[in-house]
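I opened a new notebook page for this one. Below is what I looked up, in the order I looked.

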Amino acid sequence: MKFFLDTANLEEIKTVASWGILDGVTTNPSLVSKENRPFKDLVAEICRIVPGPISAECVASEAAAIVPEAKELAAIAPNVVIKIPVGIEGLKATKALAAAGVKVNMTLVFSSGQALLAAKAGASFVSPFIGRLDDISQDGMALVEEIAAIYANYDFPTEIIVASIRHPRHVIEAALVGAHIATVPFAVMEKLVRHPLTDIGIARFLKDWGKVKS
Ligand code: G3P
């Protein structure tokens with residue numbers, strides 16, 4: 001499974017990149033709004049730090065406006081992926097962009113029907129938001145499972161990015177259902193690597209090591 005970081009914060013990105021396990025980054029307008037930096041500069045800097053796919057989101061609502069906005073963002077770096085909310089205009093834009101060789105991540109996906117249409121339009125990635133479904137008492141991971149089964153039936157090459165992850169268990173469940181990618185907030189990434197018994201174990205080993213004769 002590939003790990004993306006769900007953030008626009010450069011320090012978080014540099015930190016996780018230094019761990020050696022980072023495959024890409026996803027941003028969205030809310031995440032970008034927390035950083036005090038022009039959007040395109042920020043995307044360019046993230047693309048320099050991480051060589052994998054970097055999602056940058058379009059804000060235009062009509063396909064005729066999404067396509068040029070997407071092409072401008074795609075020109076920032078070869079590893080930019082264009083994030084487009086799913087919908088009729090988004091599908092039209094995705095179809096045109098995919099035909100032009102621009103990779104699209106269809107976002108704000110909350111149903112299998114939306115994911116199926118995204119794949120049909122030629123999206124390279126699809127982002128089901130599982131945490132937001134869990135928040136309204138629906139089973140977010142069941143959606144991921146359903147999308148994975150549908151894509152397997154027809155050999156769609158679209159990769160599933162499990163998004164809106166809230167806790168480490170979401171990451172494990174994404175791996176169990178065979179999702180291609182989990183995009184993980186920094187705080188969850190830190191929790192994923194730690195375990196109190198590991199910390200206790202290290203402290204005990206170091207204490208005992210002090211008693212070993214040299
Ligand atoms: O990648 C999408 C993600 O940022 C949404 O997360 O926590 O706003 O539901 P959240």
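**Ligand, pocket, pairs**

I began at the ligand and found a polar side-chain atom of arginine 166 lying 2.7 Å from an oxygen atom of the ligand. I count a polar contact as a pair of N or O atoms within 3.5 Å; within protein, one must be able to donate a hydrogen and the other to accept it, and residues adjacent in sequence count only if both atoms are side-chain atoms.

Before going on, I noted that this is a predicted model, where local features need pLDDT of at least 70, side-chain atom pairs count only at pLDDT 80 or more, and totals for chains, interfaces and linings use all residues. Residues are numbered from 1 along each chain as its sequence is written, and side-chain values use heavy atoms, with hydrogens and water left out.

**Around the ligand**

I looked up two further contacts. A polar side-chain atom of arginine 132 is 2.7 Å from a ligand oxygen atom, and one of aspartate 6 is 2.6 Å from a ligand oxygen atom. The residues surrounding the ligand are Asp6, Asn28, Lys83, Phe129, Arg132, Ala163, Ser164 and Arg166; for this list, a residue needs a heavy atom within 4 Å of the molecule.

**The largest pocket**

Which residues lie nearest the centre of the largest pocket? I found Asp6, Asn28, Leu31, Arg132 and Ser164 there, out of 13 lining residues. A pocket is found on a 1 Å grid over the protein atoms alone, as an open set of points where a 1.4 Å probe fits, with protein on both sides within 12 Å along at least five of seven lines; lining residues have an atom within 4 Å of a point. By class, the lining has five nonpolar, four polar and four charged residues. Here Asp, Glu, Lys and Arg count as charged, Ala, Val, Leu, Ile, Met, Phe, Trp, Tyr, Cys and Pro as nonpolar, and the others, Gly among them, as polar.

**Salt bridges**

How many salt bridges does the structure hold? I got nine, each being a side-chain nitrogen of Lys or Arg within 4 Å of a carboxyl oxygen of Asp or Glu.

I checked glutamate 11 and lysine 14, whose side chains form one at 3.7 Å, N to O. Both sit in helix α1 (residues 10–19), three residues apart, about one turn of the helix. Glutamate 11 is exposed at 52% relative accessible area, while lysine 14 is partly exposed at 39%. Buried means under 20% relative accessible area, exposed over 50%, and partly exposed in between (1.4 Å probe, protein chains only).

Next I took lysine 92 and glutamate 89, which pair at 2.8 Å, N to O. They share helix α5 (residues 88–99) and are three residues apart, about one turn. Lysine 92 is partly exposed, with 47% relative accessible area.

My last pair was aspartate 199 with arginine 194, at 3.1 Å, N to O. Aspartate 199 is partly exposed at 35%, and arginine 194 is exposed at 56%.

**A strand residue and the whole chain**

Is valine 126 buried or exposed? I found it buried, with a relative accessible area of 0%. Valine 126 belongs to strand β6 (residues 125–128). Its C-alpha atom is 5.4 Å from that of asparagine 105, 21 residues away along the chain.

Of its 214 residues, 44% count as buried.

Notes
Helices (H or I, at least four residues) and strands (E, at least two) are DSSP runs, numbered from the N terminus.
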